[in-house]
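Visitor: Hi, could you walk me through this structure while I look at it? I may jump around a bit.

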Amino acid sequence: MLEYKKDILSEKDMQRALTRIAHEILEKNNGLEDLAIIGIRTRGVPLARRIADKIGEIEGEEVADGILDITLYRDDLTTVAQQPIVHQTEIPFDITDKKVVLVDDVLYTGRTVRAALDALVDLGRPNVIQLAILIDRGHRELPIRPDFVGKNLPTSTGEVVEVKLKEVDGEDIVVLKEYTD
């Protein structure tokens, strides 16, 4: 059973982290030219939209953004569900030669990001792919490292990081839970 352990990020903490990530993305990429922000379904999508909106506020113009569905690229597809639900990838622009920033909520083993990289490369050949993560909890199984991190949170394998977002869950909060007997 999962039990609440402690709060990690409040709504304000999350806003600050996403604002910082937006500034870091702009700084690393020298502005908006050829920049695209792409969220990994499910919670990466609203986070990507928020980062894109923040970049738009800072720069005074919109940044290209999109939605990436990785369902068919997962290496654990058979363990997820008998009939996994495949959603649509919505990237209304060519990613070739773009500076693509993939966005997700939690980085753990790296397998989701690996699947996202496979899905993205099937759509074109970006100039560079960067990774923005709200929470990096460690325990990588693949050699994947984020470029932009909201919060580094060392965890044990018996803990679960739960990200809730208004667009999906009705509230903005990140909590740590723990498996108990």
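Visitor: Which residues have the most contacts inside the largest nonpolar core?

Guide: Before I answer, please keep in mind that this is a predicted model, in which local features need pLDDT of at least 70 and side-chain atom pairs count only at pLDDT 80 or more, while totals for chains, interfaces and linings use all residues. Residues are numbered from 1 along each chain as its sequence is written, and side-chain values use heavy atoms, with hydrogens and water left out. The residues with the most contacts inside the largest core, which has 31 residues, are Ile25, Ile37, Ile55, Leu134, Ile135 and Val174. A nonpolar core here is a set of buried Ala, Val, Leu, Ile, Met, Phe, Trp, Tyr and Cys residues joined through side-chain atoms within 4.5 Å, and buried means under 20% relative accessible area, exposed over 50%, and partly exposed in between, using a 1.4 Å probe and protein chains only.

Visitor: And which elements give two or more residues to this core?

Guide: They are strand 1 (2–9), helix 1, strand 2, helix 2, strand 4, strand 5, strand 7 (159–164) and strand 8 (173–179). Helices (H or I, at least four residues) and strands (E, at least two) are DSSP runs, numbered from the N terminus. The largest share of this core comes from helix 1, with seven residues, and there is also a second, separate core of 19 residues, which includes Ile38, Val100, Leu107 and Leu131.

Visitor: OK, back to Ile37, what is it in contact with?

Guide: If we leave aside its neighbours within four places in sequence, Ile37 is in contact with Ile25, Ala48, Ala52, Ile55, Val63, Ala64, Asp65, Gly66, Val101 and Val103, where contact means heavy atoms within 4.5 Å.

Visitor: What about Ile21, buried or exposed?

Guide: Ile21, which is found in helix 1, is buried, because its relative accessible area is 1%. Not counting residues up to four places away in sequence, Ile21 touches Ile51, Ala132, Ile133, Phe148, Val149 and Gly150. Ile21 and Gly150 are 129 residues apart along the chain, yet their C-alpha atoms are separated by 6.7 Å.

Visitor: Switching topic, which residues of helix 4 are buried?

Guide: In helix 4, which covers residues 111–121, the buried ones are Val113, Ala115, Ala116, Ala119 and Leu120. Seen down the helix axis, these buried residues fall within an arc of 160°, so they line one face of helix 4; the arc is that of the directions from the helix axis to the C-beta atoms. What covers them includes strand 2, strand 3 (64–68), strand 4 and strand 5 (128–136).

Visitor: Last one: what does UniProt list for residues 100–112?

Guide: An unreviewed UniProt entry lists them as "short sequence motif: PRPP-binding"; UniProt positions are given in the numbering used here, feature names are shortened, and annotations may be inferred rather than shown by experiment. Over residues 100–112, the chain is 15% helix and 62% strand, with the end C-alpha atoms 16 Å apart.
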